[in-house]
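Good morning, colleagues. Please have the sequence and the coordinates open before you while I go through the model.

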Amino acid sequence: MRVVTFGELMIRLQPYHYERFVQADHLEFSFGGGEANVAVSLANYGLDTAYVTKLPAHAIGQAAVNSLRRYGVDTSLIVRGGDRVGIYFNEKGASQRGSVCIYDRAHSAIQEAAAADFDWDKIFEGADWFHFTGITPALGPNLVDICREACQAAKAKGVKISCDLNYRGKLWTRQQAREAMTDLCRYVDVCISNEEDAKDVFGIEAESTDIYGGKLNHEGYKSVAKQLADRFGFEKVAITLRESHSASDNGWSAMLYDAASGEYCFSKKYELRIIDRVGGGDSFGGGLIYALLTGKSTQEAVEFAVAASALKHTIEGDYNLVTLAEVEKLAGGDGSGRIQR
Amino acid sequence: MAHSGSLRFITIGEIMLRLTPPDYGKIRVANTFEASYGGSEANIALALANLGIDSTFFSVVPNNSLGKSAVRMLRSNDVHCSPVILSTPEETPTHRLGTYYLETGYGIRSSKVTYDRKHSAFTEYDFGRVNLGKLLDGFDWLHLSGITPALSPSCAQLVLDALETARAKGMTVSFDGNFRSALWSWEAARDFCTQCLPYVDVLLGIEPYHLWRDEADHSRGDWKDGVPLQPSYEQQDEIFQAFVARYPNLRCIARHVRYAHSGSENSLKAYMWYEGHTFESKLFTFNILDRVGGGDAFASGLIYAMMKRYKPMDMVNFAVASSAIKHTIHGDGNITDDAASIRSLMNMNYDIKR
């Protein structure tokens, strides 16, 4: 089974030891980006996974490509050219101090890419699944067009499409997001969202839920999922449910709605002690795509995806570097954290 | 803190985030960068402040933790940064601090710089809003480089306006051509920097400038045509004479000459024209820890020696010694904080001081 994901890969620069930026004289150098993170997850689970983007030909672009190759992602479809690799500076929070993210991603190679850079018919040869997120069309009108072309080519070949709404207020306005995502979601089969994204992008709200108060309202999430599925004809809608107790401790669970059967499946809830939450949502997406591609039931799929994501929160960096066996074990109920010998 | 000497120095330019893999590493396999901050003019401000000169830096950085970190690094080195503008996203839409990646060479492998400085806050800022008369008020010495005009039209205008203002105020002006091929063409650089020459008192480096043998007939070539990178005393003297004949405002011209035996061992010397004579420094040979900022340390050494009214031979030797010692210091700036150690080096005294 072959999955293709498309988006922006950024340099991630992060001070060590929870330092603030103004203290740091060393920065950890790694890479990350929503769709690339999903690709690494899937490659780790053993699927044939290709990542598509545009990166400069220089050493920094090469380092970005290599970071994916290292984990077995097929990088042969990456277009090379342009000037810069976008950067995000991540100052990790702890306890009551939230993380701070400084984006320096404008004018990156992918942001300045043209439709002609990508031959989607060729890219989707032999593919079964295409994944992108709302971050990619947020990069500019050219990327909205490129995403649409990708979706159309995927649809024509019978490739399933998943999209994580992932609203980024620093990249576009709610109005721009609503317009573009309303257009693109016509092609999408599986939608991943959280309640903030559904509200920010489509104005769809769960009644009586306070996202900052950390209280969950099951009926509200069902209503959000159903409204999304009804509006866009999604086959499945996944809603991730983060309860932010502090920057270090979150509750984490999800719900998967299957439109055909009308089934709403809630996962078990994990109380997480966070090592790194960046890429947490992406690891959920990766887990979900794997579960759906391998024929798991709705309940099994959401348990697998949440377990994968719970483990990601314990791993440094954007990428979810866990094995299939580790996820299966946790999803199967062993969350003891005992040493495996 | 009281500064020795009364001359007040100011420089204008871009400061960038420098990202370097530790231990001479390659970017492709790095997982850590040393993060430091530098830029030609900032390096000079820092070096002079470390030597006790009253030194001020003007620039624009984005008002975020990265811009503030750059300013704090300079402040920690006693550089006055009160004129620095922390810009808003409205003033500088891309709102970024210019960045450059440096792979440090070793032995036969050269260092490699990859710039990521386009669209920086400094290049996007509208300097028409800066009151240069007020900015330069009370300063004796202005230093500029040929990097700034390469960055944007607004930056180029800033350089011309600053030169004009400094002349009106009777300030001493030093200028380092600092040609950067990644930023503009050789021809564009020569065209622009030649316009600056009538304003300059102290010229560092002899390129990129037009120095036509015949202003009316360019086909007769440039005085510098065919002169090797490592010229003889006579060749250099002839060029200095041509410069001062055309630009009698030039009080001093200095250029260093590098002999790169490898990426890790170089020799440096310098020629300097001053008070009607060409002087040649001693030749310094040294191992290189970090050569970025070597030219800036030469400039700061010369400026310091002039401010302190050193004798001509001491001026040029101090400048080369300052550059040589910078090559042994990690980071962009010459943080040497006692002039005596540079003077000691200048006299080729390498013994441990006890």
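Predicted model: local features only at pLDDT ≥ 70, side-chain atom pairs only at ≥ 80, totals over all residues.

Chain A exposes about 13,000 Å², and carbon and sulfur atoms supply 47% of that area. Accessible areas come from the Shrake-Rupley method with a 1.4 Å probe, and for residues only the protein chains shown count as cover. Residues are numbered from 1 along each chain as its sequence is written, chains are lettered from A and ligands numbered from 1 in the order in which they are written, and side-chain values use heavy atoms, with hydrogens and water left out.

Let me turn to the overall form of chain A. Its secondary structure comes to 10 helices and 15 strands, where helices (H or I, at least four residues) and strands (E, at least two) are DSSP runs numbered from the N terminus. The radius of gyration of chain A is 19 Å, close to the 20 Å that the globule rule gives for 341 residues, so the chain is as compact as a globular protein of that length. That radius is taken over C-alpha atoms, and the rule is 2.2 Å times the number of residues to the power 0.38. Along the principal axes, the C-alpha trace of chain A spans about 50 × 50 × 45 Å. Of the 341 residues in chain A, 60% are buried; buried means under 20% relative accessible area, exposed over 50%, and partly exposed in between (1.4 Å probe, protein chains only).

Next, the interface. Here 25 residues of chain B are in contact with 25 residues of chain A, contact meaning heavy atoms within 4.5 Å. The two chains bury about 2,100 Å² between them, 62% of it on carbon and sulfur atoms. Buried area is the accessible area (1.4 Å probe) that two parts lose on being put together, summed over both. On the chain B side, Arg28(B), Phe33(B) and Leu66(B) lose the most area to chain A, together 22% of what that side buries.

Which residues of helix α6(A) are buried? They are Glu195(A), Asp197(A), Ala198(A), Asp200(A), Val201(A) and Phe202(A). Because 6 of the 8 residues of this helix (residues 195-202) are buried, α6 of chain A is largely enclosed by the rest of the structure. Its cover includes β10, α5, β11 (190-194), α7 (218-232) and β12 (236-244) of chain A.

Asp197(A) is also one of the residues that Asn166(A) touches, not counting residues up to four places away in sequence. Asn166(A) lies in the loop between β10 (160-164) and α5 (174-184) of chain A and, at 11% relative accessibility, counts as buried.

I close with backbone geometry. Most residues other than glycine have a negative phi, and most peptide bonds are trans. Asn166(A), which is not a glycine, has a positive phi of about 35°. In chain B, phi of His119(B) is near 65°, again a positive value in a residue other than glycine. His119(B) sits in the loop between β8 (112-116) and α3 (121-124) of chain B and is partly exposed at 26% relative accessibility. Finally, the peptide bond from Glu207(B) to Pro208(B) is cis, with omega near 0°.
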